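Here is a short report on one structure.

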Amino acid sequence: MTVTIQLVEHPIDVAASYRMLEDVGSGAVVLFCGRVRDTNDGKAVTAIDYTAYPAMVTAECARIWDEAATRYPLHRGIIVHRIGRLPVGTISLVAGVAAPHREEAFAGARYLIEALKERVPIWKQES
Amino acid sequence: MKARILLFSVIKDLLQREAIEVEIPTGSTVEGLFAQIVHQYPAVTPWQQVARIAINATYAPNQTVVHEGDEIALIPPVAGG
């Protein structure tokens, strides 16, 4: 079980993220991309400023991966979050897994995303 | 002992500082630390029920003992993704 965890300030390369999930024993790959939307709570958004506590982002994502990989037979994982000022349409998060079958791939990816949103010390400010 | 607490997001903006220091008795718990933070910085009071303390990059339950040299952070509600 191999996981890639990154906190970046540059554009996220989705194709490179997919390549990190290559594994001949995995028939299913689920890769989620989160993007900056143009509205939030009914208000127009032009950009989101993301900030983070880097040391704990890495540590907490590692814990989340360990939990997910204990619950589901995951072979590969990736979590990449971008921080800084991101305009509408920018990819802020890529999170995904590779697993033998689609059932665990969807469930594992969902687990990563939901846990990240609940626990990882990243914050946003819409403008 | 002195405890240095890293600040982030709304609480950092509120106090206009990247970190604060409070004096706590040796053997204090996270609960005691938080009470001292609120005592010294009353503006943090509204965040007491929703912010969490992390010690050495891990969320710390209320009864966790704070040690000299711990990296302490006050974590407001997160919003990643």
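## A salt bridge between strands

In this predicted model, A:Arg85 forms a salt bridge with A:Asp49. Their closest N and O atoms are 2.8 Å apart. A:Arg85 sits in strand β7 of chain A, residues 84-87, and A:Asp49 sits in strand β5 of chain A.

Now take two helices of chain A. Helix α2 covers residues 54-71, and helix α3 covers residues 102-119. Their axes come within 10 Å and cross at roughly 145°. The crossing of α2(A) and α3(A) is right-handed.

Which residues make this contact? From α2(A) come A:Glu60, A:Cys61, A:Arg63, A:Ile64, A:Trp65, A:Glu67, A:Ala68 and A:Arg71. From α3(A) come A:Tyr111, A:Leu112, A:Ala115, A:Leu116 and A:Arg119. By class, the contact of α2(A) with α3(A) has eight nonpolar residues and five charged ones. It has no polar residues.

## Where chain A meets chain B

Next comes the interface. Here 20 residues of chain A are in contact with 16 residues of chain B. The area buried between the two chains is about 1400 Å². Carbon and sulfur atoms give 59% of that area. In chain A, three residues lose the most area to chain B: A:Tyr53, A:Met56 and A:Trp123. Together they account for 46% of what that side buries.

What kinds of link join the chains? Between chain A and chain B, the count of salt bridges is zero. The count of residue pairs in polar contact is 11, with both residues at pLDDT 80 or more.

## The chain A side of the interface

Which elements of chain A give two or more residues to the side that touches chain B? They are β5 (47-52), α2, β8 (91-99), α3 and β9 (122-126). The largest share of this side comes from α2(A), with five residues.

The residues of this side can also be sorted by class. They divide into 12 nonpolar, two polar and six charged.

Notes:
Residues are numbered from 1 along each chain as its sequence is written. Chains are lettered from A and ligands numbered from 1 in the order in which they are written. This is a predicted model: local features need pLDDT of at least 70, side-chain atom pairs count only at pLDDT 80 or more; totals for chains, interfaces and linings use all residues. Side-chain values use heavy atoms; hydrogens and water are left out. Axes are lines fitted to C-alpha atoms, for helices over the stretch in contact, and angles run from 0 to 180 degrees between N-to-C directions. Helices (H or I, at least four residues) and strands (E, at least two) are DSSP runs, numbered from the N terminus. A crossing is left-handed if the near helix is turned anticlockwise from the far one by less than a right angle, and right-handed if clockwise. Contact means heavy atoms within 4.5 Å. Ala, Val, Leu, Ile, Met, Phe, Trp, Tyr, Cys and Pro count as nonpolar, Asp, Glu, Lys and Arg as charged, and the others, Gly among them, as polar. Buried area is the accessible area (1.4 Å probe) that two parts lose on being put together, summed over both. A salt bridge is a side-chain nitrogen of Lys or Arg within 4 Å of a carboxyl oxygen of Asp or Glu. A polar contact is a pair of N or O atoms within 3.5 Å; within protein, one must be able to donate a hydrogen and the other to accept it, and residues adjacent in sequence count only if both atoms are side-chain atoms.
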